[in-house]
Amino acid sequence: MPTTTSTTRPGPLAPVELFTAFSLLALQGFGGVMAVVQRELVERRRWLSQEEFLAEWAVAQILPGPNVVNLSLMLGNRYFGLRGALASLAGMLCGPALAMLALSALYTQFAGHPAVEGALRGVVAVAAGLFIATGLKMTAMLRRHPLPLPLGLGMAAVGVICAVALRWPLPATLLALGGTGCCLCYWRLKP
Amino acid sequence: MSMATVMTWHDWLTLLWHFMQLSLLSVGGAISTTAELQRLLVQQHGWLTQAQFNDSLAIAKAAPGPNVLFVVQMGWNVGMNTGSWPAAALGAATAILGMLLPSSCLALGVSAWCRRNGERRGVRAFQLGMAPLVIALMVSAGLILAGAREADASAWPRLALSAVAALIILRIRVHMLWLLAAGALLGSLGIV
């Protein structure tokens with residue numbers, strides 16, 4: 001979305017800055033990177049507002065492909081076109097791919113080692129906390145939303161129940177809750 | 001663990017083609033295609049053993065970065081099974097290129113269209129209307145990662161660590177790496 005309202009918003013100065021930013025955040029993402037993207041790009045670097053982040057993510061989520069990869073391409077493209085998209089993508093993939101191949105060389109040696117498995121369990125538990133905290137923080141944006149706050153929060157809660165407790169497959173959840181949300185918003189945005 | 005396969009150029013192109021097809025089916029992430037990948041790579045072509053397939057998923061889960069990197073590990077192993085490092089590198093590159101190229105082109109095209117038409121009522125309604133669900137997906141990913149689905153009595157220290165980490169992140173400005181290191185320490189000492 002063009003940012004016509006605020007022209008002084010910070011942003012990356014060159015594609016290489018995108019590459020470093022995405023490399024650093026991808027290397028912090030255990031069990032998923034989306035929460036770290038929000039933390040680094042929205043909260044720390046302030047390249048995006050919470051609303052812009054959610055709007056881009058909505059598109060990245062319904063398209064095929066890994067949603068963080070789609071998001072990194074879309075954000076890079078927004079600043080420097082195709083060069084930016086490739087810089088973000090390279091940042092997102094290169095460092096972690098090397099880390100993973102290095103890890104796999106050690107894997108047979110350490111798989112089943114109790115301290116290593118324990119450390120991984122601890123890291124994943126903290127990462128889970130980051131996802132939950134990020135989701136809760138993002139509910140702030142529902143206060144400035146066309147749908148009334150209780151309805152927005154209620155729909156988010158139903159979404160969590162569908163995904164975690166009822167184990168709905170993602171396409172079903174997207175269609176049912178996403179579809180409902182979009183129709184209600186379309187109606188509320190009546191010109 | 002090791003097996004000796006031979007990959008012809010035709011096989012490499014087939015591998016690329018399989019990944020490119022799966023790319024466009026991977027709504028919700030590449031991880032949603034694992035069942036189909038298992039069928040193709042292990043059962044149909046025999047390019048990977050079941051153990052290699054499982055290990056690739058496990059290693060990718062333990063490593064930082066986007067989940068899609070498990071296909072790099074799988075491609076690497078497909079190449080390594082032919083017995084050479086260059087083949088392994090070619091396998092890794094083939095897998096990630098195939099998995100990302102079609103979906104990335106689509107993502108760039110759609111997002112450019114959305115930017116040009118960002119003021120349309122339909123586009124605004126879509127981007128705003130998805131917000132509650134997207135927030136739900138973030139929280140759900142955290143709960144599933146925390147192991148909330150298979151929680152039993154032994155899981156509560158781990159769930160408590162997730163809850164404390166969430167509270168700290170909500171209340172205090174602290175760098176993620178400190179928290180991750182603390183989690184690793186608690187885990188390696190057997191506390192969680």
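**Salt bridges in a predicted all-chain view**

A:Glu51 is partly exposed, with 27% relative accessible area; buried means under 20%, exposed over 50% and partly exposed in between, using a 1.4 Å probe and protein chains only. The model is predicted, so local features need pLDDT of at least 70 and side-chain atom pairs count only at pLDDT 80 or more, while totals for chains, interfaces and linings use all residues. Residues are numbered from 1 along each chain as its sequence is written, chains are lettered from A and ligands numbered from 1 in the order in which they are written, and side-chain values use heavy atoms, with hydrogens and water left out.

**Overall build**

- Chain A has 7 helices and 0 strands; helices (H or I, at least four residues) and strands (E, at least two) are DSSP runs, numbered from the N terminus.
- The C-alpha trace of chain A spans about 60 × 45 × 25 Å along its principal axes.
- Of the 191 residues in chain A, 54% are buried.
- Taking contacts in chain A between residues at least 6 apart in sequence, 62% join residues at least 24 apart, where a contact means heavy atoms within 4.5 Å.

**Salt bridges within and between helices**

- The whole structure holds 7 salt bridges over all chains; a salt bridge is a side-chain nitrogen of Lys or Arg within 4 Å of a carboxyl oxygen of Asp or Glu.
- A:Glu40 and A:Arg44 form one of them, with their closest N and O atoms 3.1 Å apart.
- These two residues, A:Glu40 and A:Arg44, are 4 residues apart in helix H2 (residues 34–44) of chain A, so about one helical turn separates them.
- A:Glu40 is buried at 4% relative accessible area, whereas A:Arg44 is partly exposed at 48%.
- A:Glu43 pairs with A:Lys137 in a salt bridge whose closest N and O atoms are 3.0 Å apart.
- Because A:Glu43 lies in helix H2 and A:Lys137 in helix H5 (residues 114–138) of chain A, this pair ties together parts 94 residues apart in sequence.
- A:Glu43 is buried, with 19% relative accessibility.

**Other salt bridges**

- A:Arg144 and A:Glu51 meet through their side chains in a salt bridge of 2.6 Å, N to O.
- This pair links distant parts of chain A, 93 residues apart: A:Arg144 is in the loop between H5 and helix H6 (149–165), and A:Glu51 is in helix H3 (residues 50–62).
- A network of salt bridges links A:Arg9, A:Glu52, A:Glu56 and A:Arg78.
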